[in-house]
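Keep the viewer open while you read.

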Amino acid sequence: MAPPDLSRRRLLRAALATGGGALTAPLLAACSSGHRRPALGPATSARPSPVVNTAPTAAIAGETRLLAAYGAVLQRHPELAAVLAVPLAHHRIHARALGLSRLPTPGTPGPPVSTDAREAVRSLLVLEQQSADSRAAEAVSDLVNGSLLAAIGAADAVHADLLSAALPLVA
């Protein structure tokens, strides 16, 4: 059976079909509105505020783990390249957005992978679901990176849906 067509348009349709419309409509409206943020007044303290490390370390570790897992599955099951192409490309983008300058290379050792292709995809599906849950929880408590983490978590949830939809097509 031929691999599913996982084009960008199809991914966006899937996101909207799974409730992404409720998330994307306000974001699109916010981007196009003519409203500006009010100017902030003068600082109340003469002392500079302390520098805080704002790197979302758990999210960085999660993206690194996902990239390694996808790499390991592709190394064991190269026939899944078309099925895994879109989520893998997104994880590379997520990693860069989180500040990772060096991404794991395809030969980087990853977790053990089942010899059964369906089981390998299921393991990625579980990782995507866990990542979506983790990013959502982190987004609530991270005032600096919350919107980025929420977007990554939403994408991970869509990846889980895509992998779930692809499972019947995996031989």
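## The α4–α5 pair

Helix α4 passes α5 in a left-handed crossing. Left-handed means that the near helix is turned anticlockwise from the far one by less than a right angle; clockwise would be right-handed. The two helices pack at an angle of about 155°, and their axes are 8 Å apart. That makes α4 roughly antiparallel to α5. Angles under 35 degrees count as roughly parallel, over 145 as roughly antiparallel, 65 to 115 as roughly perpendicular and the rest as oblique. Axes are lines fitted to C-alpha atoms, for helices over the stretch in contact, and angles run from 0 to 180 degrees between N-to-C directions.

Contact here means heavy atoms within 4.5 Å.

## Basis of the model

This is a predicted model: local features need pLDDT of at least 70, side-chain atom pairs count only at pLDDT 80 or more, and totals for chains, interfaces and linings use all residues. Residues are numbered from 1 along each chain as its sequence is written, and side-chain values use heavy atoms, with hydrogens and water left out.

## The chain as a whole

The chain has 5 helices and 0 strands. From the N terminus on, the order is α-α-α-α-α. Helices (H or I, at least four residues) and strands (E, at least two) are DSSP runs, numbered from the N terminus.

Of the 171 residues in the chain, 34% are buried. Buried means under 20% relative accessible area, exposed over 50%, and partly exposed in between (1.4 Å probe, protein chains only). Take the contacts between residues at least 6 apart in sequence: 81% of them join residues at least 24 apart.

## Helix spans and buried faces

Helix α4 covers residues 117-141. Its 25 residues should span 36 Å at 1.5 Å a residue, and its end C-alpha atoms are 37 Å apart, which agrees. The expected span is 1.5 Å times one less than the number of residues. The buried residues of α4 include Ala117, Ala120, Leu124, Ser131 and Glu138. The buried residues of this helix pack against α2, α3 and α5.

Helix α5 runs over residues 146-166, 21 residues in total. It reaches 30 Å from first C-alpha to last, close to the 30 Å expected. Among its buried residues are Gly146, Ile152, Asp156, His159 and Ala166.

## Helix α2 and its partners

The axes of α2 and α4 come within 11 Å and cross at roughly 170°. That makes α2 roughly antiparallel to α4. Ala58, Gly62, Leu66 and Tyr70 are among the α2 residues that meet α4. On α4, the residues that meet α2 include Ala120, Leu127 and Ser131.

The axes of α2 and α3 come within 10 Å, crossing at roughly 155°. That makes α2 roughly antiparallel to α3. This crossing is left-handed.

## Leucine 125 and serine 164

Leucine 125 lies in helix α4. It is buried, with a relative accessible area of 13%. Leaving aside neighbours within four places in sequence, leucine 125 is in contact with Ala160, Leu163 and Ser164. The C-alpha atoms of leucine 125 and leucine 163 are separated by 6.0 Å, although they are 38 residues apart along the chain.

Serine 164 sits in helix α5. At 39% relative accessibility, this serine counts as partly exposed. Its C-alpha lies 6.9 Å from that of leucine 125, 39 residues away along the chain.

## The loop between α2 and α3

Which residues does histidine 77 touch, not counting residues up to four places away in sequence? They are Val113, Ser114, Thr115, Asp116, Ala117 and Ala120. Histidine 77 is in the loop between α2 (57-76) and α3 (81-97). It is buried, with a relative accessible area of 4%. A polar atom of the histidine 77 side chain lies 2.8 Å from the backbone oxygen of serine 114.

Glutamate 79 is in the loop between α2 and α3. This glutamate is exposed, at 52% relative accessible area. Glutamate 79 and alanine 171 are 92 residues apart in sequence and 9.4 Å apart in space, C-alpha to C-alpha.

Methods:
A polar contact is a pair of N or O atoms within 3.5 Å; within protein, one must be able to donate a hydrogen and the other to accept it, and residues adjacent in sequence count only if both atoms are side-chain atoms.
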